[in-house]
Amino acid sequence: MKQVIKKSIIELNEMLPKEKKLEIKDTTPLISEQSNLESIDLVNLFVNLEKNLKEKGDFILTFDEIINNIDQLKTIGSLENFLIKKFKK
Amino acid sequence: MKENKVSINIISSFNNTNFSGLLKSSKNFTWKINEVDYNQVFQTLTNSKAKIWKKQANVTLIWTTPELISSEFKKLENGSVINPKKIKDEVDYFCSCIDSIKKYSDIVLVPNWILKYQNEGNLTLSYSKYSGLEYNLSTMNQYLYEKLGKEKKFYILNSLKWLINCGAPKAYNSKLWYLMKNPFSSDFLKEAIYDLENLYTSIRGQNKKLLILDLDDTLWGGIVGDIGWKNLRLGGHDHLGEAFQDFQTKIKSLSKNGLLLAIASKNDEKIATEAIKQHPEMILSINDFVTHRINWDDKAKNISEIVSELNIGLQSVVFFDDNPVERDRVKKTLPEVYVPDLPKDPSDYLTFLSKLRCFDAAHISAEDKVRGKLYKVESKRTSLKTKFKSLSRWIETLKLEISIENIKKENKPRCLQLLNKTNQMNLSTRRLNEQEFANWINKKSNYLWTVRAKDKFGDYGIIGILSLSMENKIVHIVDFILSCRVVGRGIENVLVEFLKDFCRYYKISKINGKYKKTNKNSLIYEFLKKLNIINENKSSFIILSKKNNVDLPKIKVTKPSLRKR
């Protein structure tokens, strides 16, 4: 899962200006007050994630699931935990 | 390394945030983006007072989807029968809107139309005139080419190619469309940026000029020295032989549009040239190559020699070799040479070459088409030079004739090439686009002459530019440009003498000049220093009408009238 998240963030970073690029570490904020990302950046991130998860093993992540679990997506680390939990089921 | 700053206006019918983000991250250019909210295409094109038009830009990109341009086309989406004439009128209107904003940028780029979603369509209905999406999309694109293709300032980008390169499933992202109103994936947008940057590089005259090729397993299959030319895999009923032949055909077509070809191969020269001349399936002939180095020497050394013989900058050179060790050697020794990694499978060579955009030319001049011949003749001259110990005697035997002419309309494309491509014998290295050039020469106080040359071997075409600016009898040299192909034949001396003629005619005692140093133009500085016109470590200099005597070799010179315009 770490690789999927890493790939998705690298793809997002390609489109972000220098000052907004995300550092790939567990504590980097995603959806929180400390985050520099705008809504359009988050859309891009989750679209990348969805695409890369599908490529990895046909894991389906819908946008509604993301919206309903925003509390669990505050940082890169919590995003990873959320995905591990979801696809373990 | 990013050197070039380019301003771009972006007007699009979909959300271009991702496109702009990727453009800003470009490693080749620093893009200064000026954009309007998406889906404001006609509102912006028809409003000459819109904020976007306040500053002149280098590029305007107008990127739309077909249903925005034609309401009639949109009807096809729900299966309606349409009136094709109405589609034509709507495309006409769109083109007239584009025409009205052309003055606000140097060039206008318009990607041709593709659908904003992946459409398999109905096989038989797709090409129906009155209800087929594909039929009407092709028609719209055809009108677009007809209307915009006539104007040099307009460039139509082939977005269908981006779609093919990505593969349709990867080019579109429906989620991005529904969430963000951007139908295209990053991969697709990157293809668009790749094309856009290559086109812009070419317009600036910075595309590659010389392709140096290896022979064994690059132009044909097998080692000719081991198996003999009759056993090479080239053409015939052999899949790899056909692949090598197609690769040669593509290279030949590039050479017909001005790309110079040379050979750098570790081989026995006699055996290799015999293969080129004798093999019946060879597409490239020995005459297609301006020069060659077929020996057992280091390839980097051979490439350096070829570049020096042809007087071409290393940054204009591309080297193809199947052997990764040879490629690595050249990459490390000559980092300015572009050495792409050829695919391991020769069946992929043609596709690889087609995707390589560094040879793309925005315009092809008459000089481009005969460039190979000109350089071949140059090789003959060089070999004659070695026979004569005295330079002036050698120049005499060339029977050189030069003609200095006032700028003419038909010579403008060549002038622009010289301005934007010449690095070494170039005083100011100023780079101008078509509009800037036109504005400059239209100013009454500015003078610009072209220099043509020919000798007993052939015609060089236009090989130099000289320009001055004169206000209140104070004259400044703006351009002193000479193609490296002809430097060292006394033409530069004739040009200095011509500047003095200008002074005498207008009764001016001196001409001011300024040498703008770059990494590549020490050649002009050394020339001026040799004539004692410029002092060591100085940039400003003066050419006095009565001093700075220059040695003039025996050259027949035709000069223009110097009367006031």
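Is A:E80 buried or exposed? In this predicted model, A:E80 is buried, its relative accessible area being 13%. Because A:E80 belongs to helix 4 (residues 76–88) of chain A and A:K2 to helix 1 (residues 2–13) of that chain, the pair ties together parts that are 78 residues apart in sequence. A:K2 itself counts as partly exposed, at 48% relative accessibility.

Helix 1 of chain A also contains A:K7. The side chain of A:K7 meets that of A:E55 in a salt bridge, at 3.4 Å from N to O. Since A:E55 lies in helix 2 (residues 39–57) of chain A, this contact ties together parts that are 48 residues apart in sequence. A:K7 is partly exposed at 39% relative accessibility, and A:E55 is likewise partly exposed, at 48%.

B:K161 forms a salt bridge with B:D195, the closest N and O atoms being 3.1 Å apart. B:K161 is in helix 7 (residues 159–166) and B:D195 in helix 10 (residues 186–203) of chain B, so the pair ties together parts that are 34 residues apart in sequence. B:K161 is partly exposed, with a relative accessible area of 23%, whereas B:D195 counts as buried at 7% relative accessibility. Elsewhere in chain B, salt bridges that share partners join B:R293, B:D297, B:K301, B:E305 and B:E309 into one network. Over all chains, the structure holds 41 salt bridges.

The cysteines may be considered next. How many disulfides are there over all chains? The count comes to zero. For B:C95, the nearest cysteine sulfur is that of B:C97, 9.0 Å away; because a disulfide requires two cysteine sulfur atoms within 2.5 Å, B:C95 is in no disulfide. B:C95 counts as buried, at 3% relative accessibility. Another cysteine, B:C358, is also buried, at 13% relative accessibility.

Which residues does B:N141 touch, not counting residues up to four places away in sequence? With those sequence neighbours set aside, B:N141 touches B:N112 and B:W113.

How values were computed:
Residues are numbered from 1 along each chain as its sequence is written. Chains are lettered from A and ligands numbered from 1 in the order in which they are written. This is a predicted model: local features need pLDDT of at least 70, side-chain atom pairs count only at pLDDT 80 or more; totals for chains, interfaces and linings use all residues. Side-chain values use heavy atoms; hydrogens and water are left out. Buried means under 20% relative accessible area, exposed over 50%, partly exposed in between (1.4 Å probe, protein chains only). Contact means heavy atoms within 4.5 Å. A salt bridge is a side-chain nitrogen of Lys or Arg within 4 Å of a carboxyl oxygen of Asp or Glu. Helices (H or I, at least four residues) and strands (E, at least two) are DSSP runs, numbered from the N terminus.
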